[in-house]
Structure formats: C-alpha cells, structure tokens
Amino acid sequence: MKTHVMDLREGDRLRSDIFNRAGLHVLPAGTSIHKEEIALLIRHSIDYADIFEREEQDSFTGLNREQFMQRLKADYDRTVKGFQAIFLEALTTGKINQNMVDERLKPMVEMFDRSKDVVSLMIMFSEEDVNIYNHSLQVGLLSYYLASWLGYSREECFQIGKAGCLHDIGKSKVGQELRNQTKEMNPAQKDELQRHTRYGYEIIRDSMPDIAPALVALQHHEREDGTGYPQGLNADDIHPYSKIVAVANRYVDLTATDRVNGKPGLLTVLKKVYDLGFGELSERAVQALTRQLLPHFVGKQAKLSNGETARIVWNNPTDYFRPLVQVNERFVDLSVERGIVVEEILM
C-alpha cells in the first residue's frame with residue numbers, strides 16, 4: 001500500500017524498490033523500515049513508499065476502552081508528526097499539499113467518530129505539551145465536532161475540520177523565537193505575529209481552489225463585535241467556518257498551561273468560552289459547544305476547590321457551571337454552596 005514517509009512505522013516492509021528523482025536506487029524491495037531508512041528517504045526527498053499490508057487489524061473491534069484510548073493516542077501522535085511535515089513544506093515552498101492534509105486528517109476523524117466521550121478526548125489531548133502542530137490538530141478536531149453539532153453535512157464537517165487544522169499555517173512564516181515567546185511583546189513583535197493570518201491566507205490560496213480555508217486562516221482572530229484582527233470585521237462579514245474555528249481555537253488556547261496559575265480545569269475553560277459568546281464569539285457555536293460538552297461531565301470525577309473529590313451527578317439547567325455533585329455519601333448542590341467550585345475534571 002502507498003504510504004507517506006511520515007506515516008511509516010517500525011517494521012514496515014517495502015513491497016517495491018525505491019528510486020530517487022535522479023534514478024538512483026535508494027532501497028530495495030523487502031527492506032524492513034526503521035528510523036534510519038525513514039531518514040534516508042527524507043534526505044532523498046521521497047514522499048511515498050509502497051509497503052506490504054500491515055498484519056495488525058486497523059479495526060477497533062474488540063478493544064476495551066483503555067486499549068481504544070491507547071490506540072487513539074498513538075495515532076494522534078503520529079498525525080501530529082504529519083502536520084509538522086505540512087508546516088515544514090509551507091515554510092520551504094510557500095504552499096501545502098492538500099492531499100497530504102486529507103490523508104492525515106481523515107483517519108483521525110474516523111477514529112474520533114467512534115468515541116462518543118468527547119470530554120475524555122479533550123482531557124487526554126489537553127495533557128499534551130502544546131506546540132503549533134498539536135494545537136492545530138486539536139483545533140481542527142474540535143472544529144469538526146462543532147460543525148457536526150451545528151448540523152453541517154459530513155462533507156462540510158470535514159472541510160471545516162481541515163480549515164481548523166490549517167488555521168495557523170501562516171505561523172510557519174513567523175520566526176520560532178517569536179511564536180514561542182512568553183514575555184510581553186512590543187508593538188512591532190505583536191504586529192509581526194498577527195501577520196500570520198495574512199500569511200496563512202496567501203499560503204492556502206496558492207495551494208487549493210477552495211477559498212473557505214483561506215478565509216478561516218485570515219479571519220480566525222476576528223471578533224463579532226469588531227474588536228478582532230486583521231480587518232476588524234463585524235459578525236455579518238465573518239465567514240461561518242471562521243466563526244466555528246474561532247470558538248475551537250479560543251477553547252484550545254484556554255486549556256493551555258499558564259506559568260502562573262497552572263493548567264485550568266475544562267469546566268473553567270468552558271465557562272470562559274461561554275461568557276465570550278455574549279459579544280466576541282459566535283453565540284450559536286458557543287451554545288453548541290456548551291450544550292454538547294456539559295452532559296459528558298455527568299458521571300465524571302471532579303476536584304473541588306475545597307480539596308475534595310466528587311462525582312458530578314446532574315447539571316443545573318439554570319446555572320450550567322454549578323452542578324450537583326456527590327462527595328462520598330453526601331450530595332452537594334454547588335448552585336447553593338457558592339463558595340465551592342469545580343476546579344478540574346478527572347479522567
């Protein structure tokens with residue numbers, strides 16, 4: 001089967017000889033693939049290799065929950081590496097290979113569709129050390145979910161998810177030291193970082209005919225009240241896909257570890273995004289996120305601000321973020337006990 005070099009696994013075997021563009025024989029058929037062989041293929045600018053079908057089953061049938069999550073995590077990590085290659089291509093050529101993006105994203109979308117426990121997925125991936133590649137993939141996958149919750153067709157959901165994955169592709173043109181800077185930026189540095197929206201628009205427009213992903217790259221920092229950038233657009237002028245990705249992007253941004261306060265709890269993050277739905281972000285998309293995620297918190301273990309561990313029993317319909325919880329044998333209504341809040345949802 002034809003496989004991109006970034007998707008090759010230890011132990012894969014070549015089904016046919018590999019030659020580089022100059023006709024030089026690089027690897028013979030039957031070669032067992034390891035890190036050294038992958039590095040060799042990359043040095044020869046070889047994108048694809050023909051390998052024998054893998055013996056393991058791609059099906060998730062028969063896997064228990066723990067095995068499923070382990071398998072999903074391994075495939076997620078492999079996909080992040082694939083997105084690293086996509087960003088590198090954008091940096092070196094100013095373009096991206098749309099087929100390569102599709103090949104990376106489709107398997108992840110199919111796997112995510114198998115899991116109905118969205119909260120566990122969000123917790124698992126928020127534990128990652130955030131870099132531009134896994135941030136982009138997380139935003140893309142959450143954008144896919146949001147689109148499905150908003151009633152878009154499966155094809156549109158995939159396109160919105162893809163646009164989410166590419167929303168920060170313009171940062172490939174921004175210096176790494178600036179992308180990773182944690183101290184306050186001066187005006188010139190802020191201006192350069194904000195240019196990633198225009199860089200992304202140009203890269204995508206030069207790479208694919210569909211303008212929607214390019215507009216998402218350009219507009220994902222626009223705000224419905226006109227306070228965003230780069231154009232200061234109002235709600236009516238922002239593409240619907242951009243509104244969805246903006247919500248996903250803000251949610252993922254807020255889940256990142258803060259050097260002062262540590263990692264915020266998912267319920268805390270969801271509350272902040274919910275509040276942003278009254279002006280800055282699309283209220284419709286924010287409401288969809290809130291309505292879909294909150295039921296998944298029921299039954300989860302939670303750490304309370306008083307140090308106790310509780311189980312969420314019921315979501316209060318009049319006070320979304322103050323549920324009824326059970327601590328050992330007693331029930332605590334957080335809508336009444338105002339001095340206690342849920343700090344963290346536990347796996």
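Here's a quick briefing on the aromatic rings in this structure and the charges sitting over them. It's a predicted model, so local features need pLDDT of at least 70 and side-chain atom pairs count only at pLDDT 80 or more, while totals for chains, interfaces and linings use all residues. Residues are numbered from 1 along each chain as its sequence is written, and side-chain values use heavy atoms, with hydrogens and water left out.

**Aromatic pairs**
- Eight aromatic pairs turn up, where rings of Phe, Tyr and Trp (its six-membered ring) pair if their centres lie within 6.5 Å, and planes under 30 degrees apart count as stacked, over 60 as edge-to-face and the rest as tilted.
- One of them is F87 with Y133, an edge-to-face pair at 5.5 Å centre to centre and 80 degrees between the planes.
- That pair links distant parts of the chain, 46 residues apart: F87 belongs to helix α2 (residues 65-93) and Y133 to helix α5 (residues 132-149); helices here are DSSP runs (H or I, at least four residues), numbered from the N terminus.
- Y320 and F321 also pair edge-to-face, with 6.3 Å between centres and 75 degrees between planes.
- Y274, F278, Y320 and F321 make up one aromatic cluster.

**Burial**
- F87 is buried at 4% relative accessible area (buried means under 20%, exposed over 50%, partly exposed in between, with a 1.4 Å probe and protein chains only).
- Y133 is buried too, at 18%.
- F321 is buried at 12%, whereas Y320 is partly exposed at 28%.

**Charges over rings**
- K2 has its charged end over the ring of Y48, 4.8 Å from the centre (NZ of Lys or CZ of Arg within 6 Å of the ring centre and within 35 degrees of the ring normal).
- K106 does likewise over F158, at 5.6 Å from the ring centre.

Terms used:
Helices (H or I, at least four residues) and strands (E, at least two) are DSSP runs, numbered from the N terminus.
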